[in-house]
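Hi,

Here is the structure I promised to pass on. Have a look at it first, and then read my notes below.

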Amino acid sequence: MTVQTERPPSGPTEDLKSDSRPADPGKPRTGARSFAPYLLLLPAIAATLLFLGWPLVNNGILSFQNLNMRQFILHLTEWNGIDNFKEVLSGEDFWRVTGRSIAFTAVNVALIMLFGTLIGLLLARLGKRMRTFLLVGLVLAWAMPVIAATTVYQWLFAQRFGVVNWVLDKAGWHSMADYDWMGSQYSTFFVVITLIVWMSIPFVAINLYAATTVIPKELYEAASLDGAGAWKGFTNVTLPYLRPFLYATTFLEIIWVFKAFAQVMALNEGGPDRLTEILPVYAYIEGMGNQHFGMGAAIALLTIVILLALTAFYLRIVLKQEEDEL
């Protein structure tokens, strides 16, 4: 009597079953796929180290040297330790310029965020044609090169043949016909602040308008049904959605304004009598203008430290507020 047996399948059954199983999402990926994100980051990391890291290292090395034109021409290296930092920190000029830079940054950022937020909310309320027209104007102002914009403002606020003085004279302020806007500290700062605010508002306004487009319309409808007016709708619906954006934008504007160099330097070179110098301009004049390159490098390094301290202080306040809201 013969017993018929079932023919075993051809091929490794266990292998087929194991291949047909879906990958366990809990297990970490192995092989080339796990390194793919890091490989994609390599170009950005390399560019950052090359264009930012290496100059920063050279600046740090230079800050510990006594380097002027003589040493530069003769290729001499004279190390003087922390003497440059001692000289900078013991002088009154550095602390005066630091306080001026912080106040300058605070005023600019406050005005930029105020007007940028108002214009961004206006964009959300306008019709399609007017919104497009305003967006084109904002983009043109944002795209204008810094030196070109500074040249235009020099012409606008010129003592003779300036448009601003001409308009003020025609409006009845005849004493402003030949007013020298670059002749005093506060008037020069007024021009610089106006220029920086004008160039920075488009970034805040356009991004804030983009942030308002993701707010669900149903929330506004629910707020109106509950009897909330325009102000209540803004504080209870719009502001909570925009708060992360406002935090991030303020952080970026602090960095951008604090290191503003081209506007101040091109407008009046930190004058009159060096009364409108901020830290980047102060570092340039001490280093390149007075040909004390080690001193300029020390001031630049201290500027980076102060900027990091300001941003860390701001981020600490933001994180604390977010924890309190939770």
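By salt bridge I mean a side-chain nitrogen of Lys or Arg within 4 Å of a carboxyl oxygen of Asp or Glu. Before going on, a word on the source: this is a predicted model, where local features need pLDDT of at least 70, side-chain atom pairs count only at pLDDT 80 or more, and totals for chains, interfaces and linings use all residues. Residues are numbered from 1 along each chain as its sequence is written, and side-chain values use heavy atoms, with hydrogens and water left out.

Back to the pair. Asp-93 and Arg-96 both sit in helix H5, three residues apart, which is about one turn of the helix. (Helices are DSSP runs of H or I with at least four residues, strands are runs of E with at least two, and both are numbered from the N terminus.) Arg-96 also has a salt bridge with Glu-92, with the closest N and O atoms 3.5 Å apart. Glu-92 is in helix H5 too, four residues from Arg-96.

How open are these residues? Asp-93 is partly exposed at 42% relative accessibility, Arg-96 is partly exposed at 43%, and Glu-92 is exposed at 62%. The cut-offs are under 20% relative accessible area for buried, over 50% for exposed, and partly exposed in between (1.4 Å probe, protein chains only).

The count comes to five salt bridges. Another one of them joins Arg-274 and Glu-286, 3.1 Å from N to O. Arg-274 lies in the loop between H12 and H13 and Glu-286 in helix H13, so this pair ties together parts that are twelve residues apart in sequence. Arg-274 is partly exposed at 35%, whereas Glu-286 is buried at 15%.

Now for the inside. The largest nonpolar core has 37 residues, and Phe-104, Val-191 and Ile-196 have the most contacts inside it. A nonpolar core here is a set of buried Ala, Val, Leu, Ile, Met, Phe, Trp, Tyr and Cys residues joined through side-chain atoms within 4.5 Å. Among the elements that give two or more residues to this core are helices H5 (92-125), H9 (185-212) and H14 (293-325). H9 gives the most, with twelve residues.

Which residues does Val-191 touch, leaving out those up to four places away in sequence? They are Tyr-153, Phe-157, Trp-181, Met-182 and Leu-267, where contact means heavy atoms within 4.5 Å.

Cheers
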